[in-house]
Amino acid sequence: MNILIYTDNDLDGAGSALVLKWYFESIANVVIEETGESTLVSKLKSKNGALDTFDKVFVCDLALTKELIPEVDRDNFVIFDHHIDHSKLKGEYKKAKAIVKPYTSCVKLIYETFISKLSLTPQQIELIDLIDQYDSYKMKDTRALKLNAIFYLYNNPKVSKFIESFNHGMREFNLHEKNSISLFFKKLKEQLSTSEIFEGRIKDYKVVATFANYAINEVAHALIVKHNADIGIVVNTNNKTVSFRRSKTSEVDVSILARKFCNGGGSVGAAGGALTEKFGELTKLFTRV
């Protein structure tokens, strides 16, 4: 049996692929390829006719658009995703098996889908929980942040390196990983200390915004806490993207903002899109702190 997994190149994507590997590794040859929404089509085309030679092809943690869905709507494909915008398009699938619904993370969705058929150690279950905590940004354990710091500083291919390092589940961090964690938070502190901050309101919600190209999640949530805001916005001028994050106490759906102002999407708590003229008009309502 041959299994191919395309997964997002972030911590949740790595965790998703790892759970599938745990499920299939004793009965199948598993190939894992990390990708993103923007590179998925080229990855698929590079396989040419080889996709039909796999018994199953999994696509994990990718917020696919209506335009991308036909590329993966094949009989031997299984789609796992937790992004709200993608879940609204589930009816577009005619051939592939689509397990697409709002969830705290894709890794948690896959784990709970296969839970009755999985026999995992406490360490493996703990790793899934920590990844879920990070992706939902509802962290009860600082190791969730540290796991992402380790993943963030891997050289490519990051997913493969993470799977190799944590194949047996959660464990104590080694010296190299501890050094990576220290470096990550040092650079994050530098990023926060040099960033220009802007504040404003979108309807009844307080917004804090900045420019950053490093540790976007952490920058946004640090600013939300410091400025007691409902929404954090981070503009990355390097890749011309805008990221939206919401406070743990807010009920605003930031995917609506990403879709309206940045031609993007995402989940209710974390979303993003392109740096557009429409977003530029929105920022004129913000003032520098």
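**Where two helices meet**

A: Let's begin with the meeting place: L145, K146, A149, I150 and Y152 in α7 touch E177, I181, F184 and F185 in α9, where contact means heavy atoms within 4.5 Å. This is a predicted model, in which local features need pLDDT of at least 70 and side-chain atom pairs count only at pLDDT 80 or more, while totals for chains, interfaces and linings use all residues. Residues are numbered from 1 along each chain as its sequence is written, and side-chain values use heavy atoms, leaving out hydrogens and water.

Helices (H or I, at least four residues) and strands (E, at least two) are DSSP runs, numbered from the N terminus. Helix α7 covers residues 143-152 and helix α9 residues 175-194; they pack at an angle of about 95°, with their axes 8 Å apart. That makes α7 roughly perpendicular to α9, a label for angles of 65 to 115 degrees (under 35 is roughly parallel, over 145 roughly antiparallel, the rest oblique). The axes are lines fitted to C-alpha atoms, for helices over the stretch in contact, and angles run from 0 to 180 degrees between N-to-C directions.

Y152, one of the α7 residues in this contact, also has K158 lying over the face of its ring, 5.2 Å from the ring centre. A charge sits over a ring if NZ of Lys or CZ of Arg is within 6 Å of the ring centre and within 35 degrees of the ring normal. The charged end of R171 sits over the ring of F166 too, 4.3 Å from its centre.

Rings can also pair with each other: those of Phe, Tyr and Trp (its six-membered ring) do so if their centres lie within 6.5 Å, with planes under 30 degrees apart counting as stacked, over 60 as edge-to-face and the rest as tilted. By this rule there are 15 aromatic pairs. Y134 and Y137 form an edge-to-face one, 5.5 Å centre to centre with 65° between the planes.

Finally, a loop: S267 lies between β10 (265-266) and β11 (270-274). At 17% relative accessibility, S267 counts as buried (under 20% relative accessible area; exposed is over 50%, partly exposed in between; 1.4 Å probe, protein chains only).
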